[in-house]
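Me: I have a structure to go through with you. Can you take my questions one at a time?

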Amino acid sequence: MICFLGLVGRAFVFDLYTGGSVVEMLMNRGFDAYVLDWGVPDEQDARDTLETYLQGYLPRALRVACEESGTEQVSLMVYCMGGCMALHALAGQPDLPVRSLVTLASPVDFRHLGPLIDALREGRIEPESVIDDTGNLPGTIVRQSFKSRKPTGDLVQYANLWQHLWSDEYMEGYQAIGRFLQDHIPMPGALFKQVTQQWLRDNGFVEDRLRLAGRRAPLGTITTPVLGVIAERDDICLETATAPIAEILGSTEVDLLRVDAGHASLFSGRKAIKSVMPRVFDWLEAHSEGGNIDERSASAADHEEVS
């Protein structure tokens with residue numbers, strides 16, 4: 001099992017704290033768990049592209065995980081932009097050794113992601129105008145774009161914090177996820193330009209217009225079973241942006257799991273630990289080597305919603 005997120009956040013979201021770590025929970029369920037950390041881009045990485053990550057780094061990581069685990073295929077659990085990267089990679093390279101894929105709050109319809117994304121998508125802002133002297137998109141701009149989705153979010157967080165100051169368990173989770181939410185990293189400028197064109201302006205997932213290394217990357221080539229986890233209270237990647245994954249992947253089995261959670265609370269808090277992740281792990285076990293897949297969910301034509 002390899003866990004990763006996109007290129008604007010820190011990989012430690014999968015290992016926040018003892019008792020609230022996705023990696024720890026996976027290992028307790030018997031999975032070999034690996035976290036893929038893309039690193040922090042600097043001026044030397046400004047020319048890195050989707051091809052650098054999806055045809056270079058990701059296949060190498062898959063190969064190493066297979067060798068370490070002694071298996072021919074691995075599963076992926078990916079968060080937010082990481083889901084977009086995984087789908088794009090599989091569309092362009094359907095022979096990648098991926099047994100199953102779990103996307104957590106991953107947008108595929110980029111018409112519903114807030115003012116900055118809208119401005120980029122509609123051409124009112126060009127990528128070059130927000131790229132800094134290093135040639136990269138600054139992490140501060142990414143953070144501000146998330147905050148613009150919910151300007152009063154900080155006030156709500158402070159109110160919740162005040163109500164739970166007595167709870168050591170709540171405070172540990174609050175502090176851990178807070179570090180993650182405040183620490184966004186740059187995105188390589190060349191890749192940012194590609195994403196702006198293919199994912200935003202072309203709405204490449206919905207319109208099936210993705211390209212990789214100059215060739216079409218049709219979503220119809222993906223045969224890997226997929227579980228799309230939809231956070232119903234997500235104010236960053238709205239359900240209207242994440243739920244269409246079942247519609248765009250018509251050539252494979254796609255299950256949807258709707259949960260009462262926000263974008264970050266998928267990883268923090270009692271509900272994530274006691275309810276959300278165990279249901280995800282149940283699906284992964286059913287789609288692991290030797291797992292028993294219910295016949296009704298094995299049909300590529302059926303998009304069953306997990307309740």
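Me: Which residues have the most contacts inside the largest nonpolar core?

Reply: This is a predicted model. In general, nonpolar side chains tend to be buried together in soluble globular proteins. The largest nonpolar core here has 96 residues. Those with the most contacts inside it are Met77 and Trp199.

Me: Which cysteine does Trp199 touch, not counting residues up to four places away in sequence?

Reply: Leave out residues up to four places away in sequence. Trp199 then touches residues including Leu50, Met81, His88, Phe110 and Phe205.

Me: Is Cys84 buried or exposed?

Reply: Buried means under 20% relative accessible area. Cys84 has a relative accessible area of 1%. Cys84 is therefore buried.

Me: How many disulfides does a search of the whole structure find?

Reply: A search of the whole structure finds zero disulfides. Cys80 is in none, as the nearest cysteine sulfur, that of Cys237, is 3.9 Å away. A disulfide needs sulfur atoms within 2.5 Å. The sulfur of Cys84 is 7.0 Å from the closest cysteine sulfur, in Cys80, so that is too far for a bond. The number of disulfides is zero.

Me: How far from Glu51 is the nearest side chain of opposite charge?

Reply: Glu51 is found in helix H2. Glu51 is buried yet has no salt bridge. A salt bridge needs the charged atoms within 4 Å. The nearest side chain of opposite charge is Arg211, at 8.2 Å.

Technical notes: Residues numbered from 1 in each chain as written. Predicted model: local features only at pLDDT ≥ 70, side-chain atom pairs only at ≥ 80, totals over all residues. Heavy atoms only, no water. Core = buried A, V, L, I, M, F, W, Y, C linked by side-chain atoms within 4.5 Å. Buried < 20%, exposed > 50% of the residue type's maximum accessible area, 1.4 Å probe, protein only. Contact = heavy atoms within 4.5 Å. Helix = DSSP H or I, 4+ residues; strand = E, 2+ residues; numbered from the N terminus. Lys, Arg positive; Asp, Glu negative; His and termini not counted.
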